[in-house]
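Take a look at the chain below before reading on.

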Amino acid sequence: MKNHKNNQKGVSLLLTLLIMAAVLSIAFGLSKLSLGEIKISRDVGKSLIAYYAAEAGVECQMYADRIGGLDCSHVCLEPGICYDVEVSGETPNRTIESSGSYQDITRAVELTY
């Protein structure tokens with residue numbers, strides 16, 4: 001008579017490999033998420049600068065609408081910090097779209113009045 005207990009020698013090794021593969025997959029997934037979050041948090045400062053540049057473009061255009069004679073279409077505040085303004089419509093449906101950029105980050109603001 002054969003002993004059927006000895007036929008399962010490789011099952012524990014296979015089970016161990018499957019568990020290790022699952023743990024490794026989870027670890028890689030978490031590290032990918034963490035690296036993405038680190039990149040986003042690293043760019044927060046640049047994002048704020050780009051946003052404030054876009055806000056400056058809106059303010060410039062509103063001032064230009066009030067007094068006339070200013071060109072706010074493309075202005076660089078400092079090297080690398082610029083905004084572009086596009087205006088459409090007439091009051092009360094005038095729309096100002098301003099996009100500010102700093103290095104490789106761009107943020108936009110839209111105002112309708």
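This is a predicted model: local features need pLDDT of at least 70, side-chain atom pairs count only at pLDDT 80 or more; totals for chains, interfaces and linings use all residues.

The protein chain holds two helices and four strands. Their order along the sequence is α-α-β-β-β-β.

**Overall shape**
- The protein chain has 113 residues, and 20% of them are buried.
- A compact globule of 113 residues would have a radius of gyration near 13 Å. The protein chain has 29 Å instead.
- Along the principal axes, the C-alpha atoms fill a box of roughly 105 × 30 × 15 Å.
- The accessible surface is about 8,700 Å². Carbon and sulfur atoms account for 61% of that surface.
- Take the contacts between residues at least 6 apart in sequence: 41% of them join residues at least 24 apart.

**Helix α2**
- α2 covers residues 44-67.
- Which residues of α2 are buried? They are Ser 47, Ala 50, Ala 53, Ala 54, Gly 57, Val 58, Cys 60, Gln 61 and Ala 64.
- An α-helix has 3.6 residues a turn, so residues three or four places apart point the same way.
- The cover over the buried residues of α2 includes β1 (74-78), β2, β3 (95-102) and β4 (105-112).
- Gly 68 follows α2, and the phi of Gly 68 is positive, near 75°.

**The largest nonpolar core**
- Nine residues make up this core. They are Ala 54, Val 58, Cys 60, Ala 64, Cys 72, Tyr 83, Val 85, Ile 96 and Val 109.
- α2 and β2 (81-88) each supply at least two residues of this core.
- Which element gives the most to this core? α2 does, with four residues.

**Val 85 and its contacts**
- Val 85 is one of the residues of the largest nonpolar core.
- Leaving out residues up to four places away in sequence, what does Val 85 touch? Val 85 touches Gly 57, Gln 61, Cys 72, Ser 73, Ile 96, Glu 97 and Ser 98.
- Two of these partners, Gly 57 and Gln 61, are buried residues of α2.
- Cys 72 and Ile 96 also belong to the largest nonpolar core.

Note on methods
Residues are numbered from 1 along each chain as its sequence is written. Side-chain values use heavy atoms; hydrogens and water are left out. A nonpolar core is a set of buried Ala, Val, Leu, Ile, Met, Phe, Trp, Tyr and Cys residues joined through side-chain atoms within 4.5 Å. Buried means under 20% relative accessible area, exposed over 50%, partly exposed in between (1.4 Å probe, protein chains only). Contact means heavy atoms within 4.5 Å. The radius of gyration is taken over C-alpha atoms; the globule rule is 2.2 Å times the number of residues to the power 0.38. Accessible areas come from the Shrake-Rupley method with a 1.4 Å probe; for residues, only the protein chains shown count as cover.
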